[in-house]
Amino acid sequence: FRCASACARVAPGRVQALARTPDGAVWAGAGTDLLRLAGGRTTRFPMGADVLAVEPARDGGVWVAGADGVRHVHDGVVEAVPGVPAEPVYAVAEDV
């Protein structure tokens with residue numbers, strides 16, 4: 001599995017969360033980084049705190065639960081979710 005080798009190179013022993021989005025990208029929470037692996041490329045998004053969970057979002061991005069709250073990542077933009085305290089969040093899910 002390509003994610004395992006790519007993640008091991010950038011964050012050995014630190015992958016804590018995995019998700020796959022409908023476009024086929026694999027997202028990995030690796031320490032304080034969120035990694036997007038797609039088309040043979042790895043894109044790193046620094047989160048500033050440990051990534052604890054990743055969940056695909058309907059808009060093609062992902063929700064990221066972390067040691068300092070929740071973020072939404074879409075089209076390369078990382079945004080904190082308003083109204084969510086900067087405290088550890090261990091799981092995230094999108095309401096249907």
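Buried here means under 20% relative accessible area. Keep that cut-off in mind while touring this predicted model.

**Stop 1: His-72.** Select His-72, in strand β7. Its relative accessible area is 13%, so His-72 is buried. Now show side chains. The His-72 side chain makes a polar contact with the side chain of Asp-59, at 2.9 Å. Leaving aside residues up to four places away in sequence, His-72 touches Ala-57, Asp-59, Val-62, Trp-63, Val-77, Val-78, Glu-79 and Val-81.

**Stop 2: Arg-71.** Stay in strand β7, which spans residues 69-74, and select Arg-71. Is Arg-71 buried or exposed? Its relative accessibility is 18%, so Arg-71 counts as buried. The Arg-71 side chain reaches the backbone oxygen of Met-47 at 3.4 Å. Met-47 is also among the residues that Arg-71 touches, with residues up to four places away in sequence not counted. Others on that list include Val-62, Trp-63, Val-64 and Glu-79.

**Stop 3: the aromatic pair.** Clear the selection. A search of the whole structure finds one aromatic pair. Select Trp-27 and Phe-45: the ring centres are 5.9 Å apart and the planes meet at 25°, so the pair is stacked. Where do the two partners sit? Trp-27 lies in strand β2 (residues 26-30) and Phe-45 in strand β4 (residues 41-46). They are 18 residues apart, and the pair links distant parts of the chain. Switch to a surface view for these two. Trp-27 has 4% relative accessibility and counts as buried. Phe-45 is buried too, with a relative accessible area of 11%.

Key. Residues numbered from 1 in each chain as written. Predicted model: local features only at pLDDT ≥ 70, side-chain atom pairs only at ≥ 80, totals over all residues. Heavy atoms only, no water. Phe/Tyr/Trp six-rings, centres within 6.5 Å; stacked < 30°, edge-to-face > 60°. Helix = DSSP H or I, 4+ residues; strand = E, 2+ residues; numbered from the N terminus. Buried < 20%, exposed > 50% of the residue type's maximum accessible area, 1.4 Å probe, protein only. Polar contact = N/O pair within 3.5 Å; in protein donor to acceptor, adjacent residues only side chain to side chain. Contact = heavy atoms within 4.5 Å.
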